[in-house]
Structure formats: structure tokens, C-alpha cells
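Open the model in your viewer and keep the sequence panel beside it. This tour moves from one selection to the next.

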Amino acid sequence: RCLQHLSRDLRLMAVIAPTDLAGANAAAAEAFPLLYAPAQTMGTDASAAWASAHRSSVQTALAQSGAVVFRNFGLASDADFDRFIQAFDWPNFTYAESLSNAVRRNRTERVFTANEAPPEVSIYLHHEMAQTPIYPSRLFFFCEQPAERGGATPICRSDWLLERLAALAPAFVADCAAKGVRYSQTMPADDDLASGQGRSWRSTLSAESKAAAETKLAQLGYSWQWQTDDALSVTTPVLPAVRELADGSRSFFNQLIAAFFGWQDARNDGRKAITLGDGGALDIDAMQTAVALAEELTVDLQWQQGDVALVDNYRVMHGRRPFEGERRVLASLVA
């Protein structure tokens, strides 16, 4: 499943019309991502009506492919995007209830900016919020404005990754599955827009005081330590690194690649941010192998204005390539 083959599949899937749900579902197991693209651009009323009528079929296709792209659905604004995702009638996962440390800005109750990290920063492959005990099941992304250069969203099937990684580093995969992992990070007192992980502890924990922050951390099983500059260092309870999926397969469900190679700022060193659940160190060679395999399996979503991508957070990792010019990609989460 090399990148060229996957890209060729994506172009072929562009002929699938939104009315051909049977054909799309039959092809979903082979295409990654699956692309719905009507021959003529739909209006926003028609797009919302289509989503409402076909949400069950889309969910089936998503479970098979792992990612679905909607192109030419006539969406131009955050309000259009909000209306489209609401038409699926899936439960909202609010960013306020998450423990994500990425800096974002709400546009509507459901819609927010994907990440406010500087454009030169790479956001490495990860499952959304897998470094916390609370995470969404599905993700919507919407391209309001593609970048002038770069800015693709890389996606990778982590079930395919785990299958190949288990063949090359079986002891590492066995340790991840049996022991789980712990993540440690330090959150600033105020949002740090220069970092991809710069959300303050107040925003991350939805807490206005240290006492409220400690109460929430205790409820979730974290340990913590306050720093002299009011930054907050935390360590998670043991969290899964491998997840069993509904179809009986397994995925490399974690933030290991993103944390190990991307959690670098004035407060954090990604190489020290993760341990196995028993406190043991990660195998660096195995991590390098995982990154190399993930790159082989990655498809870059090259955004067009108005595109919407729906991603199965349990099966598919995502990230962000560096970019030049203005790029506005919005997001919404499904519980």
C-alpha cells in the first residue's frame, strides 16, 4: 500500500457520486480515503439534506475506509460547515470538555480552528487526544481557505501500521499492548501560540484556579507538580497504546509519534515525555521504524476550498504539514 497506489485510488474514487451509496460502500474497503464528489456543486440546503438522509451509509463507509472526503458540496463558511455536520445528528464532543493541549479558537459551538501553531511547525501523526483518558470517536475537518503552498493534512491507517510494525518489532508491539503508556507534559499558565502544544492549563482543564485544576486531575487519575512560573507539569495514568477495533482488528492508538518527535518547546522534550506503563523506556529503534512505516502508509489530503474530511479517530491518525500563506482549516469532533 504505497503512497502512489493510494493516491491513484483516491483519484479513481472521485467518480463516486453521492447518490451511489451502494457503490461507495463496496469500494470503501479498498479506498483510502473514500472521496464523494458530485459532478456539479451542490447547494448548502441539498448538502445538509443529503447528510441527514445518508448518515448511516456514510458511517458504514467510514468504518470500512477510515476516512471520507466530501468535495463539491457547496460549503464556503464555518456556518455552512456547522450546518452540514449537524445534519448527521451525531453527538458533539465539545473542545471545552477535552484535555487537548493544542491551541484552538471556537468559531461556533461545534466548530473551531484546527490548530493555531505557527505555519512552520509540523504536527506529527497522532490519534486525537489519545494522550488523555477522554477522546472523540470521529473528526470532521473543513477547508475554508487552502494554503498558498503546503498545508496538507497527512492521514495514516494505524491498523495497517500496527500490522507491519508487529512483523518488524514484535517485542515493542507486545510491550505497548500489554503495558500501555504514560505521557508527561508541562502546560503554561497562559496560552503559548509559538508552540503546537501551548494551550494553558486553565484552558486545557477548563479551570480558573489551581484548586479546580487539581480536582479535575485527581478525578482523572493524573499526578502533577506546580512549577515556579505557575506552569503545571502532569503525568497521565496508564493509557492504551494499542486499541482493539469493532471488527476485531487492532490499531496503533496513541500519540507516540507526535509526542516523541513533535512535543518540543520551551517546557517539553518529547523524548522524555513518554514511558511504558511500568515506567520502562520506549525502544528508540522501534519508534524510528514506526515513523518510517507510517510515512510509507501516509496519504496527504491536498485541500481544495470547501472540502470536508471525516476521519475515524480510532483507526486513522492525522497531522499537519508546514505551509506558507493563509490557511484556514476548521474542525469539529464527534463523541
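Select six strands: they form an open sheet in the order 1-2-15-5-18-3, with mixed pairing. Two strands count as paired if DSSP finds at least two bridges between them. Strands are DSSP runs of E with at least two residues, helices are runs of H or I with at least four, and both are numbered from the N terminus.

Now go to the edges. Strand 1 (34–36) and strand 3 (112–113) each have a single partner strand, so one side of each has no neighbour in the sheet.

A word on the source. This is a predicted model, where local features need pLDDT of at least 70 and side-chain atom pairs count only at pLDDT 80 or more, while totals for chains, interfaces and linings use all residues. Residues are numbered from 1 along each chain as its sequence is written, and side-chain values use heavy atoms, leaving out hydrogens and water.

Zoom in on strand 5 (residues 138–145). Seven of its eight residues are buried, so strand 5 is largely enclosed by the rest of the structure. Buried means under 20% relative accessible area, exposed over 50%, and partly exposed in between (1.4 Å probe, protein chains only).

Which strands pair with strand 5? One is strand 15 (residues 308–312), antiparallel over five bridges. Select Phe 141 and its bridge partner there, Ala 309. Then select Phe 142, whose bridge partner in strand 15 is Val 308. Strand 18 (residues 328–334) also pairs with strand 5 in the antiparallel sense, over seven bridges. Arg 138 stands opposite Val 334 of strand 18.

Move to Met 42. Met 42 sits in the loop between strand 1 and helix 3 (44–65). Is Met 42 buried or exposed? Met 42 has a relative accessible area of 18%, so it counts as buried.

Finally, zoom out. The chain holds 10 helices and 18 strands. Of its 335 residues, 54% count as buried.
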